[in-house]
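Please keep the sequence and the model in view while reading.

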Amino acid sequence: MIKTVKSVDLKDKRIIMRVDFNVPMKDGVVQDDTRIVAAIPTIKYILAQGAKTLTLMSHLGDPAKDAEKAKAKAEKDGKPFDYDKYIAGKHRMAPVAAYLQKKLGKHATVVFAGEDGCKGKKAFIDGQPPGTVIMLENTRFHKEETSKDPKELDKLAKALAEYGDIFVNDAFGTAHRDQASTASIAKFVPVSVAGLLMEKEVNYLEPIVTSPKKPLVAIIGGAKVSSKIAVLESLLKNASALVIGGAMAYTFLKAQGKKTGKSMVEDDQIETANKILAAAEKAGVEIVLPVDHVGAEKFDAASKPVKIDNVNIPDNLIGMDIGSKTLEKYKKVLATAKTIVWNGPVGVFEFDAFAKGTEEVAKLVAETTSKGVITVVGGGDSVAAVNKFGLASKMSHVSTGGGASLELLEGKKLPGIEVTRARDCYIAGNWKMHMTRSESAALAKDLVKSLKSGKHKYMVAPSFTAIEAVGEVIAGSNIILGAQNCAAEEEGAHTGEVSVLQLKDLGVRTIIIGHSERRHAYKEDDELINKKVKLALKHGFDVILCVGETLEEREKGKLWAVCKRQTEKGLADVCECELSKVSIAYEPVWAIGTGKTASPENAQAAHKFIRGVIAKLYGELAAKHIVIQYGGSVKPDNAAQLMAMEDIDGALVGGASLKAATFTPIAKF
Ligand code: ADP
Ligand code: MG
């Protein structure tokens with residue numbers, strides 16, 4: 001879950017907010033204010049909460065790169081090039097600040113912080129009267145902003161972090177960029193949250209990949225298969241049908257042996273098209289391709305549209321738009337959907353003679369919205385098309401980010417969003433060597449019911465023999481299927497062991513590794529545990545890595561040293577990119593069955609220490625995001641108190657997880 005401005009107290013706080021004010025400019029005049037307007041609800045909200053100052057930062061084109069291009073063009077055309085005039089007309093933020101002032105009117109005073117860059121503005125900002133909006137100069141005047149060197153990124157990020165107690169990211173359009181003002185800054189401010197625009201974007205786009213209201217129908221069009229492969233593959237997981245239009249469709253039709261005339265076909269993508277067709281068939285996803293077309297002899301706005309009443313396109317024609325029979329087919333498929341996602345126009349909509357297909361699709365999608373279907377449009381050109389036809393307000397959501405929306409639909413993690421994510425509260429039940437299959441299934445059945453309205457993340461790990469039965473019961477619920485252990489090898493002569501491949505076959509998604517009982521009663525050492533962790537991650541599992549010291553270790557004063565060693569060695573060779581799949585469970589082994597008690601403060605201290613170890617290994621941001629569960633006799637009466645601790649993000653529950661009556665109040669504390 002992402003954390004938003006609504007979840008933090010903004011009163012008297014200094015806010016530093018990344019917005020996407022990368023608007024088209026001509027001679028210092030804003031040409032299209034969509035992006036400025038989109039940020040206004042968040043700006044007004046922050047001011048209404050009584051923030052002390054609101055400092056805004058954004059890029060506005062790329063001054064260095066764009067100026068070079070403009071200069072080269074001027075030279076080619078034999079015209080003089082005035083650098084300062086060019087920069088003032090295209091890349092300075094002052095006119096944008098003035099524009100924002102006009103839009104905000106009496107709501108706030110907007111001041112521009114000066115053309116000399118974004119650094120060293122703390123005194124200027126702190127000197128403003130309460131409620132002032134400060135606009136910083138274009139962040140891309142600093143070459144650190146887009147540097148590939150993390151140290152360079154951090155330099156600018158630190159300077160920007162000085163202006164805020166809270167970082168708000170509302171720049172969805174640049175959320176896919178890992179840059180100083182979009183992501184690195186979050187390392188240096190105490191709190192990072194998303195703005196209202198970002199929240200809306202994530203709320204509509206993310207579920208399409210994770211858990212859409214089904215059936216999901218995707219309309220994918222545009223020019224090239226090559227730019228949409230990842231999104232097609234990602235959508236295959238949840239969609240019941242993929243409607244393919246635009247120039248892309250011709251590559252698919254050619255792959256099926258149809259004639260495509262002079263249409264735009266990517267011959268090097270035919271194999272990819274075939275692979276996608278095969279994957280769709282295997283997954284039971286219907287692929288809907290055009291059955292007729294509108295063609296032209298030349299790719300030109302003035303070309304005469306030619307009706308092609310056949311799937312095959314004559315040799316002298318280019319496919320420019322879909323035909324009427326195709327539209328009828330689309331209509332039938334779209335009528336089955338509860339969610340529709342649309343990325344890519346189905347024809348050359350920029351030419352009026354070939355815009356009809358795209359316009360009719362836009363109308364169809366708009367109509368279904370009024371019937372309660374969730375409709376989401378993403379992609380620069382698709383959004384332009386929907387705007388051109390005046391239908392944007394008729395969709396559930398029209399994304400403001402082209403590249404960012406595409407990457408989200410591809411299932412990627414976006415740096416600008418990840419920094420605003422709050423840690424899950426993750427409650428897991430470890431059923432150990434208890435219960436038969438039917439007893440386990442019965443408990444699972446009770447939990448499905450009792451946790452349905454629960455707000456946290458849940459997992460249960462039955463004994464191996466009950467995994468399949470429990471998996472069937474919890475399928476489709478908010479409970480994840482876990483396993484208590486796995487072998488360190490994929491397969492082979494390992495009598496009595498259970499392999500990750502076998503667990504995958506049963507639908508297991510998470511594996512508990514290095515539980516204290518495995519470490520002590522079964523003598524598992526750090527090397528073995530690390531091997532299991534790596535193997536589980538390699539096969540796509542999430543992992544709960546358990547760490548914790550025994551009473552003997554604690555009494556020898558080894559408390560921190562043991563946790564440190566187990567964390568470091570358990571995660572050896574695990575890359576940062578895989579860390580989001582790992583959570584850590586701290587087990588105060590010293591307190592379990594020894595008559596000693598671990599207080600919430602003891603637990604918090606250990607968790608904080610472990611987070612510090614992660615920070616040393618993977619950096620501050622990774623440490624801020626890793627979930628650390630508490631694995632020491634959590635009970636209904638101490639759950640809330642433990643979970644209230646800053647660094648305790650859930651629990652790995654043993655004994656109390658064996659009954660719905662005790663696990664439910666812990667899980668819903
Ligand atoms: P988006 O920006 O929505 O993701 P794309 O950039 O993938 O969409 O594709 C948009 C472009 O595809 C448009 O410029 C459109 O003219 C072009 N296009 C659609 N159909 C055809 C076609 N039949 N032939 C050539 N280009 C097409
Ligand atoms: Mg595009």
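A residue counts as exposed when its relative accessible area is over 50%, as buried when it is under 20%, and as partly exposed in between. The model is predicted.

**Helix α16**

- Helix α16 runs over residues 437-451 and has 15 residues.
- From its first C-alpha to its last, α16 reaches 21 Å, close to the 21 Å expected at 1.5 Å a residue.
- The buried residues in α16 are Ser440, Ala441, Leu443, Ala444, Leu447 and Leu451. These residues lie on the same side of α16, because they cover an arc of only 160 degrees around the axis.
- An α-helix has 3.6 residues a turn, so residues three or four places apart point the same way.
- Ser438, Lys445 and Lys449 are on the other side of α16 and are exposed.

- The structure holds 38 salt bridges. Among them is a pair between the side chains of arginine 18 and glutamate 145, at 3.7 Å from N to O.
- Arginine 18 and glutamate 145 are both buried.
- Aspartate 649 forms a salt bridge with arginine 611, and the closest N and O atoms are 2.8 Å apart.
- Arginine 611 belongs to helix α23 (residues 600-618), while aspartate 649 is in the loop between α25 (639-643) and β25 (650-653), so the pair ties together parts that are 38 residues apart in sequence. Both aspartate 649 and arginine 611 are buried.

**Other salt bridges**

- Glutamate 549 and arginine 554 form a salt bridge, with the closest N and O atoms 3.4 Å apart.
- Is glutamate 549 buried or exposed? Glutamate 549 counts as buried, because its relative accessibility is 0%. Arginine 554 has a relative accessible area of 25% and is therefore partly exposed.
- A network of salt bridges links Arg14, Lys122, Asp126 and Asp165.

Definitions and conventions. Residues numbered from 1 in each chain as written. Chains lettered and ligands numbered in written order. Predicted model: local features only at pLDDT ≥ 70, side-chain atom pairs only at ≥ 80, totals over all residues. Heavy atoms only, no water. Salt bridge = Lys/Arg side-chain N within 4 Å of Asp/Glu carboxyl O. Buried < 20%, exposed > 50% of the residue type's maximum accessible area, 1.4 Å probe, protein only. Helix = DSSP H or I, 4+ residues; strand = E, 2+ residues; numbered from the N terminus. Expected span 1.5 Å × (residues − 1). Arc of directions from axis to C-beta.
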